Amino acid sequence: MKSILVTGGAGFIGSHLCKRLVKEGNRVICLDNYFTGSELFVHDLLKYPGFQLVEHDVTIPYKTTSMIDEIYNLACPASPIHYQYDPIKTIKTSILGAINMLDLAQEHDARILQASTSEVYGDPFVHPQPESYWGNVNTIGLRSCYDEGKRASETLFMDYYRQNKLKVKIIRIFNTYGPYMTVNDGRVVSNFIIQALNNESITVYGSGHQTRSFQYVDDLVEGMVRMMSTEDSFTGPVNLGNPDEFTMLELAEHIIRLTGSRSEIVFRPLPSDDPKQRKPDITLARKMLHGWTPSISLDEGLRKTISYFQGL
Ligand code: NAD
Ligand code: UDP
């Protein structure tokens, strides 16, 4: 049994991770400021004596006398509409949050994993994206508060590793979806599902020919847990994503078919700096994470997600 701190643990991915860690018998402290997360997402865990929910903002240092073996640093809004709502707060969350959690890891001699993102590749010129690609990111655009915050966090993690010998892990998460995304999340999978279930127009931004590679949340959580248990010399970054690539029009068609919806597709303006293509090269993850590979197809994952939204 380990003592594990999860920041952003009441969010979409964090709540799945907390459930997995608690059910494996670990003590889990979930830190969240509830900006996009909710107590409701982890409510079922409150009956476990080893689970502790703490309202805390990671831009402020966190102190505890409890033992901590591992930290998963997930706190940060991930949907463009949420991270652009207060961009200054977003970049503070990434950078101050990383510093505060790295310092905490150091005090406790804990391993620490950073939830970085495929956004560090920006609008990529290399396709698919291997970890060795440095990316093509606009420093001054609307997405920069998120992209550059995450890039700076990676820098901080590697500097704490080299300078202070901290045990760090960096994962670059590609678009992930599943139950417990919020109805107002604004990301494409939840938007299209909700629109399809309500027989409302499906809003495709731009031409719909831009691509993304969608990973079901359980596959990601499996990769995160495996990454945390790799040997100390392996810091990453490592891509965690599903390499099956779809255009947004294809995604809309899948969702219309699976929901049996009467929705029609409508086109809306493409947001600025919207990446044209995204597909992870997961060679490194397969090699270092004992053959990890996504096992849930888009249709299977969408079915599970659709039935979650139907049950709300
Ligand atoms: P989410 O918005 O559902 O979860 C983020 C959580 O962090 C929420 O519970 C929120 O309340 C909390 N939070 C935000 N700011 C905070 C702060 N200052 N202090 C404490 N808590 C704070 O998003 P998610 O999809 O679950 O993403 C989780 C992590 O994974 C994020 O770091 C995100 O950047 C990363 N990520 C997600 C995806 C994806 O496709 N879902 C892709 C790449 C990276
Ligand atoms: N998108 C869309 N309709 C929506 C929401 C998003 O067509 O209702 C597009 C968006 O422009 C982007 C893709 O879907 O090209 C993925 O968007 P999301 O916000 O889910 O993730 P990200 O852009 O951060 O990869």
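**A buried residue and its surroundings**

Tutor: F157 is buried, because 26 other C-beta atoms lie within 10 Å of its own. (Buried means 20 or more such atoms, exposed means 12 or fewer, and partly exposed lies in between; C-beta atoms are placed from the backbone.) This is a predicted model, in which local features need pLDDT of at least 70 and side-chain atom pairs count only at pLDDT 80 or more, while totals for chains, interfaces and linings use all residues. Residues are numbered from 1 along each chain as its sequence is written, and chains are lettered from A and ligands numbered from 1 in the order in which they are written.

F157 belongs to helix α4. (Helices are DSSP runs of H or I with at least four residues, strands are runs of E with at least two, and both are numbered from the N terminus.) Which residues does F157 contact, once its neighbours within four places in sequence are left aside? They are A98, L102, Q114, V168 and I170.

Now take the helix as a whole. α4 consists of 21 residues, and from its first C-alpha to its last it covers 28 Å, close to the expected 30 Å at 1.5 Å a residue. (The expected span is 1.5 Å times one less than the number of residues.) Along α4, the buried residues are C145, Y146, D147, E148, G149, K150, R151, S153, E154, F157 and Y160. What covers these buried residues? The cover includes α2 (80-83), α3 (87-108), β5 and β6 (168-173). After α4 comes K165, with a positive phi near 60°.

Most residues other than glycine have a negative phi, and most peptide bonds are trans. Two more residues that are not glycine have a positive phi. Y180 has a phi near 75° and sits in the loop between β7 (176-177) and α5 (188-197). Is Y180 buried or exposed? Y180 is buried, because 21 other C-beta atoms lie within 10 Å. D273 has a phi near 60°, in the loop that runs between β13 (265-268) and α8 (283-288). D273 counts as partly exposed, because 17 other C-beta atoms lie within 10 Å.

Cis peptide bonds come next. The bond from H127 to P128 is cis, and its omega is near -10°. P128 is in the loop that links β5 (111-117) to α4 (144-164), which leads back to the helix described above. The bond from G236 to P237 is also cis, with omega near 5°, and P237 is in the loop between α6 (217-228) and β11 (238-240).

Two ligands have shells of residues around them. (A residue belongs to a shell if its C-beta atom, placed from the backbone, lies within 6 Å of the molecule.) Ligand 1 is surrounded by 30 residues, of which G8, G11, T36, G37 and I173 are the closest. Elements that supply at least two residues each to this shell are α1 (12-23), β2 (27-32), α3 and β5. The largest share, three residues, is that of α1. Two of these elements, α3 and β5, are also listed in the cover of α4.

Ligand 2 has 15 residues around it, and R187, V188, N191, T203 and Y205 come nearest. Here the elements giving two or more residues are α5 and β8 (202-205). Which of the elements gives the most to the shell around ligand 2? The answer is β8, with three residues.

Last, the whole chain. There are nine helices and 13 strands, and the C-alpha trace spans about 55 × 45 × 40 Å along its principal axes. Of the 312 residues, 47% are buried; F157 is one of the buried residues. Among contacts between residues at least 6 apart in sequence, 80% join residues at least 24 apart.

Notes:
Contact = placed C-beta atoms within 7 Å.
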